[in-house]
Amino acid sequence: MQNELINQNASVGERDITVITQEIHELCRQAKTMLLMYAVEIGRRLVEAKAVLPHGAWGTWIKENTEFSQSTANNYMKLFDEYGASQITIFGATVNSQSLANLPYSKALALLAVDSEEREEFAEKVGADEISVKELEAAIAERDAAKKRAEELEEKNAELERARVQAEEAAGV
């Protein structure tokens with residue numbers, strides 16, 4: 001019945017629902033990209049403002065002159081520090097990494113928990129653009145737990161190697 005209505009509406013000159021749906025998805029993706037770009041640019045200006053303000057005036061200035069908390073301001077500045085291009089191009093602000101530039105603000109913020117050297121590769125590996133923020137945070141936690149287990153195993157292996165060397169020295173080998 002629904003397909004009949006869609007086909008009937010399409011035949012009277014209306015656009016196809018699949019085209020409209022694709023356009024909506026594309027506009028949402030573009031909006032998320034723009035949000036990250038603007039967050040980076042807000043961070044750029046906050047870094048600049050903090051450098052200009054006298055020591056101790058930052059918190060008061062944030063309260064009186066912005067619509068967000070100091071914590072949010074710190075997040076914007078982190079996003080600028082980690083993702084912001086060092087210069088504004090003739091096309092406006094850009095984000096350092098093309099694969100990270102397509103992420104929404106919340107995912108870019110979550111990825112700050114990953115070392116900058118590994119961030120882009122990790123984001124691509126887990127498909128950060130295709131999963132939810134909760135799934136991304138879970139993947140980061142899983143990665144961190146695996147790294148910790150690997151470090152613990154490495155330390156145990158080092159202890160075993162030291163014990164082996166000591167045993168050989170004691171045995172005169």
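**View 1. Exposed and buried faces of helix H7 in the predicted model.** The exposed residues Glu117, Glu121, Glu124 and Lys125 sit on the face of H7 turned away from its buried side. H7 spans residues 116-126, and its buried residues are Arg119, Phe122 and Ala123. These three lie on the same side of H7 because they cover an arc of only 100 degrees around the axis. Gly127 follows H7 and has a positive phi, near 65 degrees.

**View 2. The whole protein chain.** The chain contains 8 helices and 0 strands. Read from the N terminus, its elements run α-α-α-α-α-α-α-α. The chain has 173 residues, of which 26% count as buried. Of the contacts between residues at least 6 apart in sequence, 58% join residues at least 24 apart.

**View 3. Helix H2 along its length.** H2 covers residues 17-52, a run of 36 residues. From its first C-alpha to its last it reaches 52 Å, close to the 52 Å expected at 1.5 Å a residue. Buried residues in H2 are Thr33, Leu36, Met37, Ala39, Val40, Glu41, Gly43, Arg44, Leu46 and Ala49.

**View 4. The crossing of H2 and H4.** Helix H4 is made up of residues 70-83, and its axis comes within 7 Å of the axis of H2. The two axes cross at roughly 105 degrees, and H2 and H4 are therefore roughly perpendicular to each other. On the H2 side, the contact is formed by Leu36, Ala39, Val40, Ile42, Gly43, Arg44, Leu46, Val47 and Lys50. Their partners in H4 are Ala73, Tyr76, Met77, Leu79, Phe80, Asp81 and Tyr83. By class, the residues of this contact are 12 nonpolar, 1 polar and 3 charged. Among the H2 residues that meet H4 are Leu36, Val40 and Arg44, which are also buried.

**View 5. The crossing of H3 and H4.** Helix H3 consists of residues 58-65. The axes of H3 and H4 come within 10 Å and cross at roughly 100 degrees. H3 and H4 are therefore roughly perpendicular to each other. Trp58, Gly59 and Ile62 are the H3 residues in this contact, and they meet Gln70, Ala73, Asn74 and Met77 in H4. The contact of H3 with H4 has 4 nonpolar residues, 3 polar residues and no charged residues. Ala73 and Met77 of H4 take part here and also meet residues of H2.

Key. Residues are numbered from 1 along each chain as its sequence is written. This is a predicted model: local features need pLDDT of at least 70, side-chain atom pairs count only at pLDDT 80 or more; totals for chains, interfaces and linings use all residues. Side-chain values use heavy atoms; hydrogens and water are left out. Helices (H or I, at least four residues) and strands (E, at least two) are DSSP runs, numbered from the N terminus. The expected span of a helix is 1.5 Å times one less than its number of residues. Buried means under 20% relative accessible area, exposed over 50%, partly exposed in between (1.4 Å probe, protein chains only). The arc is that of the directions from the helix axis to the C-beta atoms. Axes are lines fitted to C-alpha atoms, for helices over the stretch in contact, and angles run from 0 to 180 degrees between N-to-C directions. Angles under 35 degrees count as roughly parallel, over 145 as roughly antiparallel, 65 to 115 as roughly perpendicular and the rest as oblique. Contact means heavy atoms within 4.5 Å. Ala, Val, Leu, Ile, Met, Phe, Trp, Tyr, Cys and Pro count as nonpolar, Asp, Glu, Lys and Arg as charged, and the others, Gly among them, as polar.
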